[in-house]
Amino acid sequence: MIDHDVLERVLTTAMRSGGEFAEIYAEDKRLTSAGLDDGKVEQVNSGRDRGAGIRVVRGETTGFAHTADMSERGLREAAEAAAAAASQGGGGVRTVALTRRTTAPVNDVVVFPDTISKSDKVALLLRANDAARSAGSSIVQVSAGYGDSHKRILVANSDGLLVEDEQVRTNFRVSVVASGDAGMQTGYDSIGHTIGFEVFDRYDVDELARRAAQQALTKLRARPAPSGSLPVVIKAGSGGVLFHEACGHGLEADLVAKNASVYRGRVGDQVANPLVTLVDDGTMTAEWGAITIDDEGHPSQRNVLIENGVLTDYMWDFLRARKEGRPQSGNGRRQSYQHLPMVRMTNTFVLNGTEDPDDIIRGTDHGVYVAHLGGGSVNTASGDFVFGMTEAYLIEHGEITEPLREGNLIGNGPQVLQDIDLLGNDFAMGNPGTCGKDGQGVPVGDGQPTLRVKAMTIGGTAA
Amino acid sequence: MSTQQTELLTLAERVIADAHAGEQVEAFVSRDRETAIRVYEGEVEQFTSAQSEGIGIRVIRDGRTGFAYTGTLDASGISGVLEEARDNAAFGTPDPWAGLAQPDGVPVQPLVLWNDALAAYETPPKIALTKELERLTLATDRRVRVDDANYSDVLVEIAVATTTGIRMSGRENGCYVSVSTLADDGDETQTGFGFSVGRHPDELDLDKAAREAAERATRLLGAVKPQSRRLTVVLDPFVTAQFLGVVSATLNGESVLKGRSLFANRFGEQVGARGLTLVDDPTNELAFTATEVDGEGLAARRNTLIEDGVLAQFVQSSYSGRRSGTASTGNAVRGGFKGTPGCGCLALQLLPGTRTQADIVAGIDDGVLIQMVQGLHSGVNPISGDFSTGASGVMIRNGALAEPVREFTIASTIQRMLQDVIEIGGDLEWLPMRAAGLTLVVGDVTMSGA
């Protein structure tokens, strides 16, 4: 993407004002998306983002500048701006010599999306539309979206690192509106993987559309969700976001370092029920959060965060790891070349337990069964989190009965981790997610087996 | 915003000059420059100096729309974009209403959205005021820590040109400060935030940002989980503004056309309490999102959406206006050069009442003041109307603020909440959002806690 010699000269420029560390992150990303709504393919879009972000670290200060001009002149100007930002003058001369490093790819892309015709991509949308609408006459609206991206990244830094990677992502989503006597209800489903168009050999968009339609139809007969505290059973592959919010963010070293996490200073403590082993794993092939290297050039890896309920480690990026004098964990990620990296999750999940999922339901006298979760958010300092249940049912006398209207579930992270009292043996990954932190979104995956939380607060309106 | 011939407008015009016979072409060009400073423990932790630019091109032919963008204004980068958009158009489904905006004769109301002094403001005073914000915040209360103190300014230039006769160019700038706080008491930590927005750093109210950030965090220390029941909720201005953002999704003309608005067939009906008047007015210079033109280059204008509780108007883009047999209300919304405009509200506000929040609270026997909500994106569905959100705040008992509460939800439906509005405060506050805030009292909301 950029010549070896140019990279060395730009890094040398960046270090000229006394920087202790300098880094170039360059990116060339092409994307295609197509949207269907109201029975029509509304638009096919394509775009290209190309540029470089340069950061210079000096003491506690990080200077950052980015440019869409990838010529040597453009890069040098950005390097000077970042260096000036990091320092108020002074400095010496330090030249940088780069060594290229290669890492075995985590994702094996078979069919690059740019080899597929736009008409084939659009055909998927039309199929999903037909499949959703044929699910019943109450389906009044369908929208579907296809997206692919092909991103090449390059990281070069003053420690001599030079590494490049290619990231391909393909996703598809369907939203459905059903209308009945009691108003409108919605259904949604999506897939997303870090592979190419072969994802559609593995997943059938018709099936995805039917599931979204069925969710909307089921909710037409939903009654208001209860309010107050009840046992909650979460279906496999639908509740990983619970862990993402309840403890994942709190285990990010940047938040821990600022004492903005309830998990600060708790490594070695029993922070969860001993049933719980929580892993963040960027090497999980083809999953939405899978990366060969992170956006600081460090190879992704499998990090065990909680083992049998005991907190084992946090997640780290370059800056935090350097400060603590310990290795990075492959969690330094950023939205684009226009953003600074920070500690982010990749694929975060809870390992299997031993229970039969049916037994978990049968063993619950009165509670809520959550079959599909929407997004969530957490206050890492207090541990209070929320997430939305987009498909849920009552459990009465050990059986799943009536569907419930939408609402939020809330809880406190440390409390909920202790309150997980049953863990199934049916692990599944969930829908692709976009994790937002400090204004930056990055793709993440999550997963878990069917599990039960002894008590959570359900934000419905029924007594 | 004007038809002044800027460099960007020239560039946009050059692109549309290459339109083929029988096609409509729109070029939207933008360039922005941003400075962002983050201070932590008296030191600059991050200093970002950034410039980005790009062009988005839309082509419509035989009712089919295609779009392409590139994140550069280099001649070589732009060269293939029109061709790509043209190619993309071949794959759309013909839509008889597809089309670009046409000039509609509504004059642009000139607003002062540019400040020369901010554009010339030097870096050292920006750093100094960010450090001052951190210092002021720490000085408010010994239990308060600062997570980060931030200064940011942004300067944006845009231009849009279409083969249908739209020519617009303009620029604006602004700055803001924000501070995130943590308050500790024993093992417990709570969080808060404060901010201030201006067209020039002199307009930034650092004291207010510091005080509010500290109050929000300390007020929640010792908070308990309340008992579940129905009661009256008092929404803080910041929460009201977020609520209005949710309501706005139901007043969108495009959602109405596509069967996604719960108010679709309610035109002229009483959808809210009497006394509730909701306007979208981007021509009010005080609004953070004030603008002279919408995302398609038509003049922005004041629209009354709900008047004295009666549904009076949906907002329209040129597409939804054409298709619904009305006209654009100047409400095309555009996120930037990377996408095509949609339809939406630009600068919402409820017409204010007269009383302060303190006076309102003094008249409530049993209620809760909602200071923060969490999970509006996950627990609120503007299509079904279901409304459920995590919340924290302070109980109100016999006209006085009582104990702080957290880890509960408030729930109702959007339809019911609008009908159940009991009072609208007089404390209108302009926030860095698409809606203005004020105190809003809503009856009969379910609180779920213990």
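Student: Which strand does β7(B) pair with in the parallel sense, and over how many bridges?

Tutor: In this predicted model, β7(B) pairs with strand β14 (residues 366-374) of chain B in the parallel sense, and the pairing runs over 4 bridges. Within that pairing, V234(B) stands opposite L369(B) in β14(B).

Student: And which strand is joined to β7(B) by antiparallel bridges?

Tutor: That is strand β18 (residues 440-448) of chain B, which is joined to β7(B) by 6 bridges and runs antiparallel to it. To pick out a residue pair there, L235(B) has L440(B) as its bridge partner in β18(B).

Student: Why is β7(B) described as largely enclosed?

Tutor: Strand β7 (residues 229-235) of chain B has 5 of its 7 residues buried, so the rest of the structure largely encloses it.

Student: Staying in chain B, what is the strand order in the open sheet?

Tutor: The order is β10-β9-β8-β13 (chain B), an open sheet of 4 strands with antiparallel pairing. The edges are taken by β10 (310-311) and β13 (348-350) of chain B, each of which has a single partner strand, so one side of each is left without a neighbour in the sheet.

Student: How many bridges are there between β8 and β13(B)?

Tutor: Strand β8 (residues 278-280) of chain B and β13(B) pair over 3 bridges, in the antiparallel sense. D280(B), for instance, has L348(B) as its bridge partner in β13(B).

Student: New topic: how many residues of chain A and of chain B are in contact?

Tutor: On the chain A side there are 70 residues, in contact with 67 residues of chain B. The area buried between chain A and chain B is about 5,500 Å², and carbon and sulfur atoms give 44% of that.

Student: What about salt bridges and polar contacts across that interface?

Tutor: The rule finds 12 salt bridges across the interface of chain A and chain B, including one in which the side chains of D37(A) and R260(B) meet at 2.7 Å, N to O. For polar contacts, the rule finds 48 residue pairs across the interface, with both residues at pLDDT 80 or more.

Student: Which element of chain A gives the most to that side?

Tutor: Strand β2 (residues 40-58) of chain A does, with 11 residues on the side that touches chain B. Sorted by class, that side of chain A has 22 nonpolar, 33 polar and 15 charged residues.

Student: Where do strands of chain A and chain B pair with one another?

Tutor: Strand β3 (residues 61-67) of chain A pairs with strand β2 (residues 43-61) of chain B, in the parallel sense and over 5 bridges. In this arrangement A65(A) stands opposite S49(B) in β2(B).

Student: Now A213(A): buried or exposed?

Tutor: A213(A), which lies in helix α5 (residues 205-219) of chain A, counts as buried because its relative accessibility is 0%. Leaving aside neighbours within four places in sequence, A213(A) is in contact with A132(A), A135(A), I139(A) and V176(A).

Student: How far apart are A213(A) and V142(A) in sequence and in space?

Tutor: They are 71 residues apart in sequence, while their C-alpha to C-alpha separation in space is 8.6 Å.

Student: Last one: what does N303(A) touch?

Tutor: Not counting residues up to four places away in sequence, N303(A) touches L278(A), V279(A), D280(A), S329(A) and N331(A). N303(A) is found in strand β10 (residues 302-307) of chain A, and at 11% relative accessibility N303(A) counts as buried, the cut-off being under 20%.

How values were computed: Residues numbered from 1 in each chain as written. Chains lettered and ligands numbered in written order. Heavy atoms only, no water. Contact = heavy atoms within 4.5 Å. Buried area = accessible area lost by both parts, 1.4 Å probe. Salt bridge = Lys/Arg side-chain N within 4 Å of Asp/Glu carboxyl O. Polar contact = N/O pair within 3.5 Å; in protein donor to acceptor, adjacent residues only side chain to side chain. Helix = DSSP H or I, 4+ residues; strand = E, 2+ residues; numbered from the N terminus. Nonpolar A, V, L, I, M, F, W, Y, C, P; charged D, E, K, R; others polar. Pairing = 2+ DSSP bridges. Buried < 20%, exposed > 50% of the residue type's maximum accessible area, 1.4 Å probe, protein only.
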